[in-house]
Amino acid sequence: MTVINVVKDTEALTLTLTAEFAAPLDRVWQVWADPRQLEQWWGPPTWPATFVDFDFVPGGRATYFMTGPDGDKSHGWWQFMSIDEPRGLELADGFASDSGESDDTMPKTQMAVSLDEMDGGTRMTFVGSFDSLEDMERLTAMGMAEGLTEAAGQIDALLT
Amino acid sequence: MVVEMLSPNVDRVFAALSDATRRDIVERVMHAEESVSSLARRYSMSFAAVQKHVAVLERASLVTKRTSGRERLVTGNVESVRAAAQLLDDYEQIWRGRIDRIAALLGEPAEPSTTHPSNDS
């Protein structure tokens, strides 16, 4: 099983998720550190992400956009708060305008990732936290809308 | 879950929260009950405008209003706070999708999707 534990704190508005991968620590680090690999998993298949800038240093920023089935683009940014290669990183994830500038009226998520070596692989712990319930509502609704188009695409594929 | 998110009430909730003043009102009254007139003093807009914002929030069930003497008191709706649990579930699903894709990227066989145990605190 990949995901081994999930803890949700409805007061602190955090999700802590622990996953185990049968790959060495340095390999798992690459899925975060290499934008070409990030693009393969950050967005769902129907909303793939393209990273434009990727300044992978503490305080550095990354910009990306996700392209929907109709060609719609949803822009986002990351700010790397800390990078401790290859053990972990902290970043903020937010929405951006079409020109890539951060949109402060939109919700932001704080993310902390830590990687630990274990027998036969790597354990990844992810903590996502929201500033407010409203942020969480808006963000998950957007994610769900993307999930819905993804599910619809999978059903299509099944039927054709 | 997806169907729930698309219910008319959710549309109202998102429409209600699309405005910065209304988000601010919800945050404040979620912490402590506050009168419409006290809220009106916080923003550079007319009493009527603030009253309208409160009405939008009320229709979305994000706040409730009660009368106490001459005051109209606004309180955050606890039910909508309970929705946090549901929202964290949704967020969990987004991340389960990402973890599955990382696993695929690392060349691991896809796991059958089953209900995983979770610890809610």
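Q: Which residue in β3(B) is the bridge partner of S68(B)?
A: Residues are numbered from 1 along each chain as its sequence is written, while chains are lettered from A and ligands numbered from 1 in the order in which they are written. Strands β2 (residues 63–68) and β3 (residues 71–76) of chain B run antiparallel and are joined by six bridges. In β3(B), the bridge partner of S68(B) is E71(B).

Q: Which residue in the turn between β2(B) and β3(B) has a positive phi?
A: T64(B) in this pair of strands stands opposite T75(B). The two strands make a hairpin with two residues between them, and the turn residue with a positive phi, about 60°, is G69(B).

Q: What are the edge strands of the open sheet in chain B?
A: Strands here are DSSP runs of E, at least two residues long, and helices are runs of H or I, at least four, both numbered from the N terminus. Two strands pair if DSSP finds at least two bridges between them. The open sheet has three strands in the order β1-β3-β2 of chain B, with antiparallel pairing. The strands that pair on one side only, and so form the edges by that pairing, are β1 (34–35) and β2 of chain B.

Q: How many helices and strands are there in chain B?
A: Starting at the N terminus, the elements of chain B follow the order α-α-α-β-α-α-β-β-α-β. In total, chain B has six helices and four strands.

Q: What arc do the buried residues of α1(A) cover around the axis?
A: In helix α1 (residues 25–33) of chain A, the buried residues are V28(A), W29(A), V31(A) and W32(A). They sit on the same side of α1(A), because they cover an arc of only 150°.

Q: Which element gives the most residues to the largest nonpolar core?
A: A nonpolar core is a set of buried Ala, Val, Leu, Ile, Met, Phe, Trp, Tyr and Cys residues joined through C-beta atoms within 7 Å. The largest one has 31 residues, and those with the most contacts inside it are A19(A), F21(A), V28(A), V31(A), M136(A) and I102(B). Elements giving two or more residues include β1 (3–9), β2 (14–21) and α1 of chain A, along with α6 (78–105) of chain B. The most, six residues, come from α6(B).

Q: Which residues of chain A is I102(B) in contact with?
A: Two residues are in contact if their C-beta atoms, placed from the backbone, lie within 7 Å. Leaving aside neighbours within four places in sequence, I102(B) touches V31(A) and W41(A).

Q: Which residue in the turn between β3(A) and β4(A) has a positive phi?
A: Strands β3 (residues 49–54) and β4 (residues 61–67) of chain A run antiparallel and are joined by five bridges, with F54(A) partnered by A62(A). They form a hairpin with six residues between them, and the turn residue with a positive phi, about 90°, is G59(A).

Q: Which residue takes a positive phi in the hairpin of β4(A) and β5(A)?
A: Seven bridges join these antiparallel strands, and M66(A) stands opposite S74(A) in β5(A). Five residues lie between the strands, and the one with a positive phi, near 85°, is G71(A).

Q: Over which residues of chain A is the pLDDT below 50?
A: Chain A has a mean pLDDT of 82, and 85% of its residues reach 70 or more. Where pLDDT is low, the predicted coordinates should not be read in detail. The stretch below 50, which has 13 contacts in the model beyond near neighbours in sequence, is residues 147–160.

How values were computed:
Predicted model: local features only at pLDDT ≥ 70, side-chain atom pairs only at ≥ 80, totals over all residues. Buried ≥ 20, exposed ≤ 12 C-beta atoms within 10 Å, placed from the backbone. Arc of directions from axis to C-beta. pLDDT = per-residue confidence, 0-100.
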